[in-house]
Amino acid sequence: MAKTDFDLIIVGGGMVGASLACALKNSDLKIAIIEAFPANSAQQPSYDDRSIALAYGSQRIFESIDLWPKLASHSTAITDIHVSDRGHFGITRLSVQAENVPALGQVITARSMGQVLNKAIEQQANLEFICPAKVTELSQSPDYVAITLDDSRTLSAKLIVAADGGNSTIKRLLNLGSLEHDYKQTAITANITPERAHNGKAFERFTDSGPIALLPMSDNRCSLVWTVKTGDEIEILSLSEQDFLSRLQERFGYRLGKLLKVGQRNNYPLKLIQVDQPIQHRVVLIGNAAHSLHPIAGQGFNLGLRDVAALADVLVDNDGDCGDAHLLHDYSQWQQQDQDNVIDNTNILVKVFSNDNPIIGHLRGAGLTLTDALPLAKHWLAQKSMGLDRKQPRLARGIKL
Ligand SMILES: Cc1cc2nc3c(=O)[nH]c(=O)nc-3n(C[C@H](O)[C@H](O)[C@H](O)COP(=O)(O)OP(=O)(O)OC[C@H]3O[C@@H](n4cnc5c(N)ncnc54)[C@H](O)[C@@H]3O)c2cc1C
């Protein structure tokens with residue numbers, strides 16, 4: 001077996017890549033992370049001001065890798081979820097009491113998560129954090145994989161994990177095919193201060209122009225994700241603060257009283273990307289590099305973190321070749337079904353809830369009312385949104401690796 005510089009090189013030190021490194025901190029693997037942008041800098045695209053709703057299952061994974069206490073101090077617990085449809089009868093409510101869990105999820109800004117993850121990887125003994133550096137070339141040999149960085153350095157490893165996001169360089173270098181769908185929708189994000197206390201309640205409101213999510217944050221702020229048809233965001237983003245709040249109020253309603261303040265507004269065009277074959281010879285794509293999703297159900301990072309938990313589970317027990325094809329096959333067996341299910345369910349949600357057909361609108365309303373009236377259906381929905389509805393890797397079951 002050829003001697004390599006590292007056992008494992010993770011390309012991309014964003015939320016998913018850094019979480020994988022942390023999950024492997026007690027392993028014997030010699031690890032490198034290559035990240036294109038300086039840590040904690042404004043250019044780092046993974047750690048911007050968007051808020052991430054972490055499912056309860058993700059909280060359990062972070063607990064198992066000892067990061068939860070640090071993340072918890074930046075997080076706000078979701079204790080209730082209220083789902084409604086503008087202009088149609090019918091709501092569904094989920095609560096911690098009914099589900100008998102401490103929180104249905106947690107809300108944290110990507111920037112705060114980045115600070116915690118960067119600090120953890122900088123202190124990790126079995127890890128070299130190579131940053132800023134961009135991967136520009138990749139070559140696969142029977143026993144190892146080699147990458148070239150933009151400073152012309154070449155590094156080798158038994159396994160490369162590509163966690164380099166939706167515009168994955170590794171995907172491009174390997175010429176991998178993917179299913180791509182432009183939703184022709186754009187997410188507008190901002191922090192909103194409402195008149196009434198949110199009391200830990202998250203709102204998802206479906207409207208004929210796209211869903212609006214308001215998630216609870218610290219200081220009684222709410223994190224807004226407002227999905228609109230691409231093109232419409234230009235006018236909405238150019239509105240004055242007061243006109244923006246009035247437009248949002250008209251779409252969202254008065255469940256939080258008057259909307260008083262809006263912070264900096266950002267926008268993200270939404271596209272589905274699912275790589276056909278995320279496992280190649282000694283290379284595996286995870287997180288957004290393998291699957292970029294619509295944020296309608298807040299599942300993108302949660303799914304990426306389950307990729308991390310499943311991959312760490314198979315890597316940690318292997319004391320031989322961590323790039324072995326059988327091992328990657330075991331990971332694929334575990335995670336492919338989860339990825340396919342989440343992508344299918346997200347697509348159904350986008351189709352049903354971004355549709356202004358009045359018949360579908362009435363069916364949606366009936367579906368929400370029915371779900372609210374059926375405890376078993378509500379429990380199923382809650383388990384799904386908490387990420388607890390499937391076979392769990394050890395980290396997700398609270399078992400340390
Ligand atoms: C508006 C919005 C709201 C969202 N809300 C939620 C939510 O509530 N819950 C949820 O679970 N998910 C949510 N998501 C999805 C979530 O943001 C993504 O799933 C997550 O950011 C993916 O992380 P990642 O590490 O895979 O990729 P990225 O965050 O894209 O990170 C990739 C990293 O790789 C680095 N990189 C890229 N190319 C190279 C290279 N050649 N060499 C070295 N480094 C490289 C980049 O600099 C970056 O740091 C939301 C997304 C959006 C747009």
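This is a predicted model: local features need pLDDT of at least 70, side-chain atom pairs count only at pLDDT 80 or more; totals for chains, interfaces and linings use all residues.
Residues are numbered from 1 along each chain as its sequence is written, and side-chain values rest on heavy atoms, with hydrogens and water left out.

A search of the whole structure for salt bridges, each defined as a side-chain nitrogen of Lys or Arg within 4 Å of a carboxyl oxygen of Asp or Glu, returned 14 of them. One of these joins the side chains of K158 and D7, with a distance of 2.9 Å from N to O. Because K158 belongs to strand β11 (residues 154–162) and D7 to strand β1 (residues 6–11), the pair ties together parts that are 151 residues apart in sequence; here and below, helices (H or I, at least four residues) and strands (E, at least two) are DSSP runs, numbered from the N terminus. Both K158 and D7 are buried, where buried means under 20% relative accessible area, exposed means over 50%, and partly exposed covers the range in between, as computed with a 1.4 Å probe on protein chains only.

A further salt bridge is formed by the side chains of R282 and D321, whose closest N and O atoms are 2.7 Å apart. This pair links distant parts of the chain, since R282 is found in the loop between β18 (279–280) and β19 (283–285) and D321 in the loop between α9 (300–316) and α10 (325–353), 39 residues apart. R282 and D321 are both buried. In the salt bridge between D151 and R153, the N to O distance is 3.0 Å; D151 is partly exposed at a relative accessible area of 41%, and R153 is likewise partly exposed at 37%.

Ten bridges join β12 to strand β17 (residues 266–275), and the two strands run antiparallel. Strand β12 also pairs in the antiparallel sense with strand β15 (residues 222–229), over eight bridges, and with strand β16 (residues 259–262), over three bridges.

Three aromatic pairs were identified in the structure, a pair being counted when the ring centres of Phe, Tyr or Trp (its six-membered ring) lie within 6.5 Å, with planes under 30 degrees apart taken as stacked, over 60 as edge-to-face and the rest as tilted. The rings of F62 and F301 have centres 6.3 Å apart and planes at 20°, and the pair is therefore stacked. This pair links distant parts of the chain, as F62 is in helix α2 (residues 56–64) and F301 in helix α9, 239 residues apart. F62 is buried at 0% relative accessibility, and F301 is buried at 10%. An edge-to-face pair is formed by W226 and F244, at 5.6 Å centre to centre and with 65° between the planes. W226 lies in strand β15 and F244 in helix α8 (residues 241–252), so that this pair ties together parts 18 residues apart in sequence. W226 is buried at 2% relative accessibility, and F244 is buried at 0%.

F244 also takes part in a contact with a charge, which is counted as sitting over a ring if NZ of Lys or CZ of Arg is within 6 Å of the ring centre and within 35 degrees of the ring normal. R265 lies over the face of F244, at 4.5 Å from the ring centre, and K30 lies over the face of F6, at 5.2 Å from the ring centre.

F6 is also one of the residues touched by A32, which lies in strand β2 (residues 31–34) and is buried, with a relative accessible area of 0%. Leaving aside residues up to four places away in sequence, A32 touches F6, L8, I9, I10, E128 and I130, a contact being defined by heavy atoms within 4.5 Å. The C-alpha atoms of A32 and V11, 21 residues apart along the chain, are separated by 8.4 Å.

Definitions and conventions. Two strands pair if DSSP finds at least two bridges between them.
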